[in-house]
Amino acid sequence: MNSIPKIPVGNWIDHFVTFLNDNIKGFFDVISAIVDGIVSFIVLVLTFPPALILILIVGIIAWFSSKKWSFTILSMIGLLFILNLGYWQETMDTLALVLTSVLISIIVGIPLGIWASQSEKTARIITPILDFMQTMPAFVYLIPALFFFGIGVVPGVISSVIFAMPPTIRLTNLGIREVPADLVEAATAYGSTTKQKLFKVQLPLATKTIMAGINQSIMLSLSMVVIASLVGAPGLGAEVYRAVSRLEVGTGFEAGISIVILAIILDRITQYFGNRSKQRA
């Protein structure tokens, strides 16, 4: 086996990354500026009102999505607990990173999922790419992201997008394909165009499945919070990483439980919105 020459895959990748950085660095600079601007804007919006006012707003959103006072009260108690621990600013930084990642995943992922649902050829091309994106260890994404975008929040967001986007694409494709064929045929019989069938029949009926994909993207983005802190992304992940490096068990637990509370609130809100959308459809 030693006589067989090694295939220089690593060298090929290095040369390719260097080629991209040398020839389209301006493009990466534009992407970096846009992502950094979005994150900064979301942080500004989240931190502009006093913490208690924002907690009340989240409580209103929780009640509007679930119509359950228990979930509303528990959500507000959870955020008050984070405020009491002293991690409010870090939580807002984490939330901004997650919202930016999910926003990009939705903007890119849903159109790709729609395209895949309308074209078998596109679905066959996209599926192995999504498999690759989901099975590649998340730490690997940090290397090219760090090379292209430098240290800071941007490589963390880009890595989170790559890691979290596949569920949105997959479940958008799946939700549209699962719409009963007789409903699509009925729409066709009434003279609906392909665009009308998509926006008036298929997408409304697939909303719950699409929301499930967005929900998974949110959870995967949150799972990248600690990893993104390795390249300078702020937030609760940075606190966990700092606690691990210093062996501060209590601090790590406080930051970790704050991530859990945030994850539960976001998870339940998106689930309830998905269920309500399904009922309306």
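Let me start with a word we will need all the way through: helices (H or I, at least four residues) and strands (E, at least two) are DSSP runs, numbered from the N terminus. With that in hand, hello everyone, and let's look at the structure above.

This is a predicted model, so local features need pLDDT of at least 70, side-chain atom pairs count only at pLDDT 80 or more, and totals for chains, interfaces and linings use all residues. Residues are numbered from 1 along each chain as its sequence is written, and side-chain values use heavy atoms, with hydrogens and water left out.

First, the overall picture. How many helices and strands does the chain have? The secondary structure comes to 14 helices and zero strands. The C-alpha atoms fill a box of roughly 65 × 65 × 40 Å, taken along the principal axes.

Two more terms now. Buried means under 20% relative accessible area, exposed means over 50%, and partly exposed is in between, using a 1.4 Å probe and protein chains only. Of the 281 residues of the chain, 45% count as buried. Contact means heavy atoms within 4.5 Å. Among the contacts in the chain with a separation of 6 or more, 78% are accounted for by residues 24 or more positions apart.

Next, the pocket. Rolling a probe the size of a water molecule over the atoms shows where empty space is left. The work is done on a 1 Å grid over the protein atoms alone: a pocket is an open set of points where a 1.4 Å probe fits, with protein on both sides within 12 Å along at least five of seven lines, and lining residues have an atom within 4 Å of a point. Grid points are joined across faces, edges and corners, and a volume is the space filled by probe spheres set on the points.

The largest pocket has a volume of about 870 Å³. Its lining counts 24 residues, and those nearest the centre are Tyr141, Pro144, Ala145, Phe148 and Ile162. The elements giving two or more residues to this lining are helix H1 (9-23), H2, helix H6 (120-135), helix H7 (138-149) and helix H8 (153-177). Which helix gives the largest share of the lining? That is H7, with eight residues.

Ser32 is found in helix H2, residues 25-47. Is Ser32 buried or exposed? Ser32 is buried, because its relative accessible area is 19%. Leaving aside neighbours within four places in sequence, Ser32 is in contact with Phe149 and Val154. Over in helix H8 we find Ile158, which counts as buried at 17% relative accessibility. Not counting residues up to four places away in sequence, Ile158 touches Ile31, Val35 and Phe149.

Now for charges. Side chains of opposite charge can pair when their charged atoms come close. A salt bridge is a side-chain nitrogen of Lys or Arg within 4 Å of a carboxyl oxygen of Asp or Glu. A search of the whole structure finds four salt bridges, and I'll show you some of them.

One joins the side chains of Asp131 and Arg170, at 2.4 Å from N to O. Asp131 lies in helix H6 and Arg170 in helix H8, so the pair ties together parts that are 39 residues apart in sequence. Asp131 is partly exposed at 35% relative accessibility, and Arg170 is partly exposed at 26%.

Another is formed by Arg242 and Glu239, whose closest N and O atoms are 2.8 Å apart. Why are these two separated by about one helical turn? Because they are three residues apart in helix H13, residues 236-246. Arg242 counts as partly exposed at 32%, whereas Glu239 counts as buried at 15%.

There is also a salt bridge between the side chains of Arg268 and Asp267, at 2.3 Å from N to O. Arg268 is partly exposed, at 33% relative accessibility, while Asp267 is buried, at 10%.
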